[in-house]
Amino acid sequence: MKRRRVLFIRLSQFRLFIRKFLIAVLFVSALALMMLSKADSLVLEKTSDVLLQVFNPVIRVVQLPAQFVYGVYGKIKDVSRVYAENKKLKKEHADRLLLKNRLRTLEAENKLLARLLNYTPPPEATFVTAKIIAEEGDGFSHSLIAYVGKTDKVKEGQVVLGGESVVGRVETVAGKYVRVLLFTDINSKIPVIVERSRERGILSGDNTTVPKLQFTALNADIKPGDMLVTSGVAGIFPAGLPVGIVSRIGEDETEVETITDIPRLEYVRIVDYGIYDDVVMMTSENEE
Amino acid sequence: MEETFSEILETRLKRLLPFLVSVFLLLVFYVPVHLPLSRYLRPDIGMICVYFWALYRQDLFGPFSAFLLGVAADSLSAVPIGLNIFVFMFIFVAGSTSSSYVNMKPFAVSWAGFAVVSFLAFVVKWLLASVFYSKFLVFGSVFAGYLSTICFYPLIARLNIFIQNRYLANEEVVYEQG
């Protein structure tokens, strides 16, 4: 009887030891995975892609009720906005008709001048519209997951627009889904230029709602309200795409307000300007 | 009496229920709700689930479940892979060791316990992420996430209590101090 009790105690102690050992192993594995992801491990990237493909169909189903509720709420809100919006749109339409005529003249002039200079225009941009199915924006990362469907047009590094301004770039393509790294994320760095004064800088995300403009000249001519557009340096983003508006100039940092209301975004456009592939090709050629 | 296949399957599914419910809730909270500030005040549902099940049913939700939930959270998020796994393991260890003190006490005690444990977990997560990026993350937005996580604890805990009482009440409870 005593022997059985001793055996039982030993067995429970052994189980406890195994459990503690397993916990220690799992802790070490977590740290090892973090180190591997710092080293951009291909295996880890592929595994993450597979998991993304497994979970995202579930999110698409789960979001249906939420989408319905939001749709009803949105429709009620829209009705109250329609009258004011209609008035505004009529005025805008009249302005655009004038602009259209001017644009037609400029286009013709541009074609003529291009022919005179023997200028080869860049390939036209193509885009894919994608529905946002998941989002995150806490203190640790800012990203979106969007459904693109069956397409081979979407590639890593492509520009993502919300409305007419940049919201980020494609970080991962996993089958029918893409992960978009928002420009408010800490990993995002976009070379920008102040539209008015042509001052250059880098727009850095810091996981807050207001990214910061960095690496500008000490006496840079920047004012609140200035529009920031992509400078085209580094080759990922083409030049001239609106990114944000300078909202506050502090002693140490310049805060930038996003143009697009990111929390209200439902769809994004993933645009292929054809320049990222060239940059990748050039980089790989240089490495060889 | 021998168990039929459907009985065996039911028992297995029941034992997996805490983990499956946690994964489901994790996915639900990634759904965009398009409300102002909603995405910046998103609670860390994984932390709540891991703490709850480690506290009350560590026989059904072991360290490996916490690890796998972390893998799921990391694959959905843009954070470095391993960060959520580490934090969930931390919460699991804290929850299971405090189980004997918190069990059978009023709900407010487990809530207060979660407030302390999750604060430490957020600090650990913030430090690890800062080391990873070689730059201190803005603590304000991390703290906002912490506050919303605490506020959501009663809701998620009530849901988990319902699942426990409705489906898992007859399952054997084994508490081990790890």
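**Chain A and helix α2 of chain B**

Chain A has a radius of gyration of 26 Å, whereas a compact globule of 288 residues would have one near 19 Å. The model is predicted, and its scores are ipTM 0.84 and pTM 0.82. The C-alpha trace of chain A spans about 105 × 55 × 45 Å along its principal axes. Its secondary structure consists of 3 helices and 12 strands. Of the 288 residues in chain A, 29% are buried. Among the contacts in chain A with a separation of 6 or more, 55% are between residues 24 or more positions apart.

Chain B has an average pLDDT of 88, and 92% of its residues score at least 70. In residues 174-178 of chain B, however, the pLDDT is below 50, although this stretch has 14 contacts in the model beyond near neighbours in sequence. Where pLDDT is low, the predicted coordinates should not be read in detail.

Helix α2 of chain B covers residues 45-56. From the first C-alpha to the last, this helix of 12 residues reaches 17 Å, close to the 16 Å expected at 1.5 Å a residue. Because 12 of the 12 residues of α2(B) are buried, the helix is largely enclosed by the rest of the structure. The buried residues include B:Ile45, B:Met47, B:Phe52, B:Trp53 and B:Tyr56; B:Gly46 and B:Ala54 are also among them. What do the buried residues of α2(B) pack against? Their partners in chain B are α1 (5-28), α3 (63-76), α4 (83-97), α5 (99-102), α6 (107-133) and α7 (139-167).

Note on methods
Residues are numbered from 1 along each chain as its sequence is written. Chains are lettered from A and ligands numbered from 1 in the order in which they are written. This is a predicted model: local features need pLDDT of at least 70, side-chain atom pairs count only at pLDDT 80 or more; totals for chains, interfaces and linings use all residues. pLDDT is the predictor's confidence in each residue, from 0 to 100. Two residues are in contact if their C-beta atoms, placed from the backbone, lie within 7 Å. Helices (H or I, at least four residues) and strands (E, at least two) are DSSP runs, numbered from the N terminus. The expected span of a helix is 1.5 Å times one less than its number of residues. A residue is buried if 20 or more other C-beta atoms lie within 10 Å of its own, exposed if 12 or fewer, and partly exposed in between; C-beta atoms are placed from the backbone. The radius of gyration is taken over C-alpha atoms; the globule rule is 2.2 Å times the number of residues to the power 0.38.
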